[in-house]
Amino acid sequence: MMPITTIRGPDITETVRAALQFIAVYHTPDYLRQLTLAYQNEQSPAARSAIGQILESSRLAATGNRPMCQDTGMVTVFAKVGQSVVIDGDKSLADYVNDGVRQAYLDVGNPLRASMVADPIFARRNTRDNTPAVTHVETCVGDTIELLIAAKGGGSENKARYTMLNPAASVADWVVGTVEKLGAGWCPPGLISVGVGGSAEKAMLLAKRALMDEIDMGELQQRGPSSKEEELRLELFERINALGIGAQGLGGLTTVVDVKVASYPTHAASKPVALMPQCAANRHAKVTLRGEGPVYLDPPDLDLWPEIDRSEGTAGMHRIDLDSLTRNDMQNWKPGDRLLLSGKILTGRDAAHKRIADMLSRGEPLPFSLKDRVIYYVGPVDPVGDEVVGPAGPTTSTRMDAYTQMMLDQGILSMIGKAERGPDSTERIAKAGATYLIAVGGAAVLVSKAITSARLIAFEDLGMEAVREFEVRNMPVTVAVDGSGQSIHLLGPARWRR
Ligand SMILES: O=C(O)C[C@H](O)C(=O)O
């Protein structure tokens, strides 16, 4: 009989805490290597600049011990518990994990953003400590506990898709067709994972779990496929990149740095297929507890980050004074123009927009004016030390489409976010002589360096979703929708499609 290993509950908590702090700050080395390659090979200037900003921001996160993205994610844990393990303590494994999440996200030196909301159908109250995690437990033969810990951003999780295909239907065609329609809210360049088989929920789990496998597409391309699944991975990799979506949907050569495929036997009548994207904030780690105390990860070597040519990033950018900006000034802006913004902007995202809509529908005055203002869709991380704000990258604008007309009616000049707008919003923006700008999703630390002051304006109870006024200096953005309704998210991929 295998000897019994005792693993202390608090050691699980400490391991989870340390791993979450670690993955919030450090990109995985395999992803960094692939992103560096993508940066070196990218021919589309806009996409290359976006990848450069992500890499630069990633280095700032690592050296400054701050989160690489303002969305520090929903914690997902795949636990493999050996049957010869006894957990010493009076809590469940999931509760020890949740204690680790709480401690990691409330860390005084490096607080992470609490994004989880309880009562998701109705009140959507922020739990304030990012609990609970989603913990999957599997027992296996062995005397260790293996934890695969991930912090998945909401933007990429929102683009998870599922279908039940007919047995003879092509998985590759469905995946490519679906990725084409996903837009850029999942923050490419990243990974696409495909789970095929089992039942509906099994396919989703297969896809989620496979996202955390080592990135080995380069190796696979070199040695060639040795199975049908590897052939499918290669086919999907080629076809998805040929769509031309590119970094941030700006059009370019690299949309995915790897594609994963996992499968499981299924019913003769079924072919469940799950698609799971992973954004540029590729955050996960595997740790194994052996009953010898908590486990800690070693920081990566700083040589992993490439040198980014900053002059290339800012060349040809127009400086814009937001405090004197008029509708007229924006009429020369074209999709793809790169701007450096200085002046005051308001912030607001999902919950703030809903609150504004509710107040307006009740005929109540707003606590701030939106007339001739620029709004940035962001939920920043709380500041530490002498920071005015923590990492503060853009959130997906598409979710704010339902409120576009309302905001335009209030006199908004321009909106800043990430990813494409829907056709209705694009048309409305153009009709109002307004514009839509994008910052780089995944470059949150870099963006925060352009914010010189932050002031809470309203809706404090919404936490990270409250309305703030930022003063920015040389904040880099790209024109995504211009005053004539042209969109970079249509023009860019069409140009780079192969
Ligand atoms: O919540 C955020 O800050 C961003 C979100 O992950 C998104 O990509 O839309």
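Author: Helices (H or I, at least four residues) and strands (E, at least two) are taken here as DSSP runs, numbered from the N terminus. The model is predicted, and therefore local features need pLDDT of at least 70 and side-chain atom pairs count only at pLDDT 80 or more, whereas totals for chains, interfaces and linings use all residues. Residues are numbered from 1 along each chain as its sequence is written.

Reader: Into which domains is the protein divided?

Author: Domain bounds come from an automatic or database domain assignment. In this protein they give domain 1 (1-152 + 286-312), domain 2 (154-280) and domain 3 (316-496). The C-alpha centres of domain 1 and domain 2 lie 22 Å apart. Their contact (C-beta atoms, placed from the backbone, within 7 Å) takes 23 residues from domain 1 and 22 residues from domain 2.

Reader: Which elements supply the side of domain 1 that touches domain 2?

Author: At least two residues each come from α2 (29-41), α3 (45-64), β2 and β7 (145-152). Helix α2 gives the most, with six residues. By class, this side of domain 1 has twelve nonpolar, seven polar and four charged residues. In that scheme Ala, Val, Leu, Ile, Met, Phe, Trp, Tyr, Cys and Pro count as nonpolar, Asp, Glu, Lys and Arg as charged, and the others, Gly among them, as polar.

Reader: Which residues lie around the ligand?

Author: A residue is near a molecule if its C-beta atom, placed from the backbone, lies within 6 Å of it. The residues around the ligand are Gln70, Asp71, Gly153, Gly154, Gly155, Gly185, Cys187, Gly379, Thr395, Thr396 and Gly441. This shell has nine polar residues, one nonpolar and one charged. Domain 2 and domain 3 each contribute at least three residues to the shell.

Reader: How is the span of helix α4 to be read?

Author: The expected span of a helix is 1.5 Å times one less than its number of residues. Helix α4 (residues 93-105) has 13 residues and reaches 19 Å from first C-alpha to last, close to the 18 Å expected.

Reader: How many of the residues of α4 are buried?

Author: A residue is buried if 20 or more other C-beta atoms, placed from the backbone, lie within 10 Å of its own, exposed if 12 or fewer, and partly exposed in between. Ten of the 13 residues of α4 are buried, so the helix is largely enclosed by the rest of the structure. Among them are Leu93, Tyr96, Asp99, Arg102 and Tyr105. The elements that cover the buried residues of α4 include α1 (9-25), β2 (74-82), β3 (85-88) and β6 (134-140).

Reader: Where is Pro189 placed, and what kind of peptide bond joins Pro188 and Pro189?

Author: Pro189 sits in the loop between α6 (171-182) and β9 (190-198). The bond between Pro188 and Pro189 is a cis peptide bond, with omega about 10 degrees. A cis peptide bond also joins Thr131 and Pro132, where omega is about -5 degrees. Pro132 is in the loop between β5 (125-126) and β6.

Reader: What is the phi of Phe459, and what is that of Asn474?

Author: Phe459 is not a glycine, yet its phi is positive, about 60 degrees. This residue lies in the loop between β18 (451-458) and β19 (467-481), and it is partly exposed, with 19 other C-beta atoms within 10 Å. Asn474, also a residue other than glycine, has a positive phi near 55 degrees. Asn474 belongs to strand β19 and is partly exposed, with 15 other C-beta atoms within 10 Å.

Conventions:
Two residues are in contact if their C-beta atoms, placed from the backbone, lie within 7 Å.
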